[in-house]
Amino acid sequence: MKSKSVALTGALAALGLALAYLTWQRPKETASAGNLIKVVDASKSSFQSLKYEDGQRQLSLKRENGELWLTTGFMPGKEPAPVDAGLTVTELPLVDGGLDTDGGLVDAGVLQVTQTPPPKPPPTRVLKGNERAEAALQKFMPLEATRALGPLSPEKLAELGLTDSPRRLELVVGGTARVFTVAKTLPGIFGLYMQEERTKDVFLFPGSLLADFDPQSQVLVDRRLHAFKQAEFDAFVVKADGKEAAFVQSNAELPTTAKVARAASPDKPDELVKNWHDKVWGRLIVTEVLGKGELPLGAEPTVVLRVDYTFKGREKGWLELAVDASKGTWARSENTASWVAVHQGSDELLIEARKLVLE
């Protein structure tokens, strides 16, 4: 009987501790299913900007003239130290040269190892945001929490990762800035805790709220050369080396049925030109996106090819291919903020254009 009594007493004590812990943890306000707590009443019309800092880098989104622009770069004063742009040559002694006649080691000389410095970090760039950026912003319109815990003690703030956290989130809505400290990632903490810096109130948000806002990531950058579809143009003109050739396109609702012919003979499809244009239209791979006003290697590249698209006689878009001083190939279009690097080997399209398109 005594053992049962001790076990029952222990169970009741454990239950009491659990209830006390839950009472301490209980938020000031808890959202019920389908009834989240509105923290910032933002809408597409009132939203102005979002900025997220991770302690070293920053990322911001801002809408201008109906377009969403993304700015990424290092925080002021957090830029890495510049690296030496030169080459480093290190001489390593080679001691294994075999045995001499007297049993000693033969000097094998030295091996010169050339080390290149790491690439310079990209500068602050202003880029176009893509559809994923638009979707990520919808989580803030409005910004809703699952729990509101109110002001917390220093001990509780430290437990949640809010003490001395370098992460910040700033929302500007209707001309008013709302700044939050974002909790550090800690083991055993689920969800995302943020504290409003002005009121000191703490809120719990879904853990996926900032999943796309890594300042080092490129998932929010628009990498498309064109925002319109292939079926939305019916003619294009190719220009290179002071020459130009006009073409028409038909049956382009499906890529497999599309036909391309010279404008002078629209009833005679040219399969070679179509194959070339398919590579230009859909097979150019963007490997790097430069920011607004940024130039490849710091200089304007030489444009060697231009394609102008029209639909029913009206301008639809354009594409330029250029070569920089190191023979790298770049592209820009009506949809890019500046130049974008394209995959190695795309310079063959320029050679094919001269042979198949313009001659």
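How many bridges join strand E18 and strand E22, and in which sense do they pair? Let's take that as our way in, everyone. E18 and strand E22, which covers residues 340-342, pair in the antiparallel sense, and three bridges join them. One of the contacts to look at is in E22, where Ala341 is the bridge partner of Glu288. Before going further, please keep in mind that what you see on the screen is a predicted model.

Let me step back to the whole chain for a moment. There are 359 residues, and 37% of them count as buried. The secondary structure comes to five helices and 22 strands. If you take the contacts with a separation of 6 or more, 59% of them are between residues 24 or more positions apart. The chain exposes about 21100 Å², and carbon and sulfur atoms supply 54% of that.

Now, back to the sheet. E18 and E22 belong to an open sheet of eight strands, paired antiparallel, and the order reads E17-E16-E15-E19-E20-E21-E22-E18. Strand E17, residues 259-262, and strand E18, residues 286-289, stand at the edges with a single partner strand each, so one side of each has no neighbour in the sheet. On average, neighbouring strands here are turned by 25 degrees against each other, direction ignored.

Two helices pack on this sheet. Helix H4, residues 271-282, touches strands E15, E16, E17, E19 and E20, and its direction makes about 100 degrees with that of E19. Helix H5, residues 348-357, also touches E15, E16, E17, E19 and E20, but its direction makes about 60 degrees with that of E19.

Is Val286 buried or exposed? With a relative accessibility of 12%, Val286 counts as buried. Leaving aside neighbours within four places in sequence, Val286 is in contact with Arg223, Leu225, Val340 and Ala341. Val340 sits 54 residues away along the chain, yet the C-alpha atoms of Val286 and Val340 are separated by 6.4 Å.

Next, walk over to strand E16 and look for Gln249. At 7% relative accessibility, Gln249 counts as buried too. What does its side chain face? A polar atom of the Gln249 side chain lies 2.9 Å from the backbone oxygen of Phe233. Phe233 is also among the contacts of Gln249 beyond four places in sequence, together with Gln230, Asp234, Ala235, Ala258 and Lys259.

The structure holds 11 aromatic pairs. Take Phe236 and Tyr309, a tilted pair with 6.0 Å from centre to centre and 45 degrees between the planes. Phe236 lies in strand E15 and Tyr309 in strand E19, so this pair ties together parts that are 73 residues apart in sequence. Phe236 counts as buried at 1% relative accessibility, and Tyr309 counts as buried at 1% as well.

Tyr309 has another partner to show you: Trp281 and Tyr309 form an edge-to-face pair, 5.5 Å centre to centre, with 70 degrees between the planes. This pair links helix H4, where Trp281 lies, to strand E19, where Tyr309 lies, and the two residues are 28 residues apart. Trp281 is buried, with a relative accessible area of 17%. Putting the rings together, ring pairs link Phe228, Phe233, Phe236, Phe247, Trp281 and Tyr309 into a cluster.

Strand E3, residues 47-53, and strand E4, residues 57-64, pair in the antiparallel sense over five bridges. Lys51 stands opposite Ser60 in E4. The two strands form a hairpin with three residues between them, and in the turn Gly55 has a positive phi of about 105 degrees.

E4 then pairs with strand E5, residues 67-74, in the antiparallel sense over eight bridges. Here Ser60 turns up again, with Thr71 as its bridge partner in E5. E4 and E5 form a hairpin with two residues between them, and Asn65 in that turn has a positive phi of about 50 degrees.

Methods: Residues numbered from 1 in each chain as written. Predicted model: local features only at pLDDT ≥ 70, side-chain atom pairs only at ≥ 80, totals over all residues. Heavy atoms only, no water. Pairing = 2+ DSSP bridges. Helix = DSSP H or I, 4+ residues; strand = E, 2+ residues; numbered from the N terminus. Axes fitted to C-alpha atoms, helices over the stretch in contact; angles between N-to-C directions. Contact = heavy atoms within 4.5 Å. Buried < 20%, exposed > 50% of the residue type's maximum accessible area, 1.4 Å probe, protein only. Polar contact = N/O pair within 3.5 Å; in protein donor to acceptor, adjacent residues only side chain to side chain. Areas by Shrake-Rupley, 256 points an atom, 1.4 Å probe, with all protein chains shown as cover. Phe/Tyr/Trp six-rings, centres within 6.5 Å; stacked < 30°, edge-to-face > 60°.
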